[in-house]
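Hi,

Here is the structure I said I'd pass on. Have a look through it, and then read on for what turned up.

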Amino acid sequence: MGWTVKPVAGWYFPMAKFLSLLVALMVVSCASLRQPLGLSEAELLRKAKAAHERVIVLDTHSDISPRNFTVEQNYGQRLDTQVNLPKMFEGGLDAVFFSVFVGQTRETQSADAFKPSGYERAYKAAIEKFDAIHRLTDKLAPDKIEIALTSADVRRLKASGKKVALIGVENGYPMGEDLGRVREFYQRGARYMSLAHNGHSQLSDSHAGERDGWKWNGLSPLGRQVIAEMNRVGLMVDVSHPSKASMMQSVALSKAPIIASHSAMRALCDMSRNMDDEQLLALKKSGGVVQVVAYSSFIKTPKPDSNERKAALGALRNEFKIADATPAEQSAPSGVVSAAALARLAPERRADYLRRVTEIGEQYPGDLPAPVLYFVDHIDNAVKLIGLDHVGIASDFEGGGWVIGWSDASETLNVTLELVRRGYIEEQIGKLWGGNLLRVMDEVQRIAFALQSAN
Ligand SMILES: [Zn+2]
């Protein structure tokens with residue numbers, strides 16, 4: 001498409017600039033790469049395609065918006081979303097954990113945030129997302145995608161050529177104080193749940209406490225009960241957004257392996273959302289898996305904007321009344337607002353906004369997002385520290401992403417290509433792209449059966 005790389009949540013790159021950047025990055029990075037193959041680019045691509053086709057390519061975190069799950073507008077169509085069925089087929093992405101994400105309401109935002117009425121609002125929002133995912137697989141595109149509840153389902157669907165939907169709950173806030181909802185979420189198809197997001201919940205502290213201070217110093221008493229119930233029911237405990245203390249307590253308490261559904265390496269990029277080496281070693285000890293996230297600003301610390309750029313973007317956001325980006329949205333690469341913030345604009349306004357962001361970018365260039373090379377550096381780092389059996393892959397599409405080269409589902413092969421380039425063999429690539437996660441999912445369900453039959 002012309003000389004512009006397609007817009008990724010507001011970014012446009014002039015192709016020439018983009019290529020020279022990429023070449024510069026490759027020159028820097030290649031020195032540190034394993035480069036054992038000595039194959040031509042065409043041979044590497046052939047090898048990557050073959051592996052990519054055979055292994056289960058599974059992404060453990062993609063957000064959704066129910067408005068893209070209606071009869072008129074849905075993932076059966078090639079929407080302007082990072083994930084949809086045409087893009088999954090094009091990029092060979094087999095399986096996606098769609099996220100039942102509900103943001104954390106703080107008491108400063110709503111006095112009833114932690115009262116029954118506040119919990120009920122969150123619960124309704126969660127159910128709307130569960131229903132949206134089931135609508136896609138039951139009614140909107142049942143010939144192309146199905147829900148998987150077990151690893152056997154995932155393998156069967158891969159063999160049949162269908163795409164696979166799985167469900168993860170991001171933030172336990174919508175369960176309120178009702179332990180029965182853990183089982184209910186499982187019965188609605190969820191296979192993992194995190195106990196907090198970017199704010200403290202009734203169950204757990206959030207990583208954001210590093211900036212805001214703590215509420216529970218880890219898990220709350222109810223959060224501890226929830227971990228036990230998740231073990232009993234067979235829901236994987238996801239520690240991607242909770243605080244380090246909460247994460248370490250979860251590992252100590254849980255009778256089953258723990259997962260981080262979308263987290264990167266703190267040793268390479270010092271953000272509170274990332275996992276440090278001590279956490280990674282604890283996670284490995286639990287038998288779990290870290291799903292390395294392709295979220296640009298967790299992969300490489302964004303360089304701050306120049307004052308001129310900051311002022312221009314600030315004025316633009318004021319003009320379009322989207323200055324109220326959430327903390328999560330603000331952690332997007334500089335100058336970019338999230339897909340969710342953009343979605344609040346009417347289509348013409350949105351196009352206008354993006355055009356103006358591009359103009360500002362030409363006048364005052366911002367820092368560029370991380371390329372796939374940097375993303376795979378995080379995978380390498382995790383593999384070296386805790387071993388290949390404990391590492392996986394997540395995109396965080398529709399809630400972020402922004403990695404150059406894996407900017408949407410259609411570009412998924414680029415990740416496999418970079419793994420092949422670095423000397424990973426097909427068996428290892430299969431473990432990274434889903435084998436490890438499915439092993440943990442099986443193990444968590446096996447332990448749940450054992451716990452249930454012991455009672
Ligand atoms: Zn997240």
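Start with α8 and α18, which are roughly perpendicular to each other, because angles of 65 to 115 degrees count as that. Keep in mind throughout that this is a predicted model. Helix α8 covers residues 221–233 and helix α18 covers residues 426–454; they pack at about 100°, and their axes are 6 Å apart. On the α8 side the contact uses N231, R232 and V233, while α18 brings in I447, A448, L451 and Q452. By type, those contact residues are four nonpolar, two polar and one charged.

The other helix pair I looked at is α12 (residues 307–319) with α15 (residues 347–363), whose axes cross at roughly 170° and come within 10 Å. That angle is over 145, so α12 and α15 are roughly antiparallel to each other. Here R309, A312, L313 and L316 of α12 meet R356, V357 and I360 of α15. This contact has five nonpolar residues, two charged and no polar.

Then there's helix α4, residues 116–140. With 25 residues, α4 reaches 34 Å from its first C-alpha to its last, close to the 36 Å expected at 1.5 Å a residue. Is α4 straight or kinked? It has a kink of about 30°, centred on H134.

What does the buried side of α4 pack against? The buried residues of α4 sit against β4 (95–101), β5 (145–147) and β6 (163–170). Among those buried residues are Y119, A122, A126 and K129, along with A132, I133 and L136.

Cheers

Terms used
Residues are numbered from 1 along each chain as its sequence is written. This is a predicted model: local features need pLDDT of at least 70, side-chain atom pairs count only at pLDDT 80 or more; totals for chains, interfaces and linings use all residues. Axes are lines fitted to C-alpha atoms, for helices over the stretch in contact, and angles run from 0 to 180 degrees between N-to-C directions. Helices (H or I, at least four residues) and strands (E, at least two) are DSSP runs, numbered from the N terminus. Angles under 35 degrees count as roughly parallel, over 145 as roughly antiparallel, 65 to 115 as roughly perpendicular and the rest as oblique. Two residues are in contact if their C-beta atoms, placed from the backbone, lie within 7 Å. Ala, Val, Leu, Ile, Met, Phe, Trp, Tyr, Cys and Pro count as nonpolar, Asp, Glu, Lys and Arg as charged, and the others, Gly among them, as polar. The expected span of a helix is 1.5 Å times one less than its number of residues. The bend at a residue is the angle between axes fitted to the seven residues ending there and the seven starting there. A residue is buried if 20 or more other C-beta atoms lie within 10 Å of its own, exposed if 12 or fewer, and partly exposed in between; C-beta atoms are placed from the backbone.
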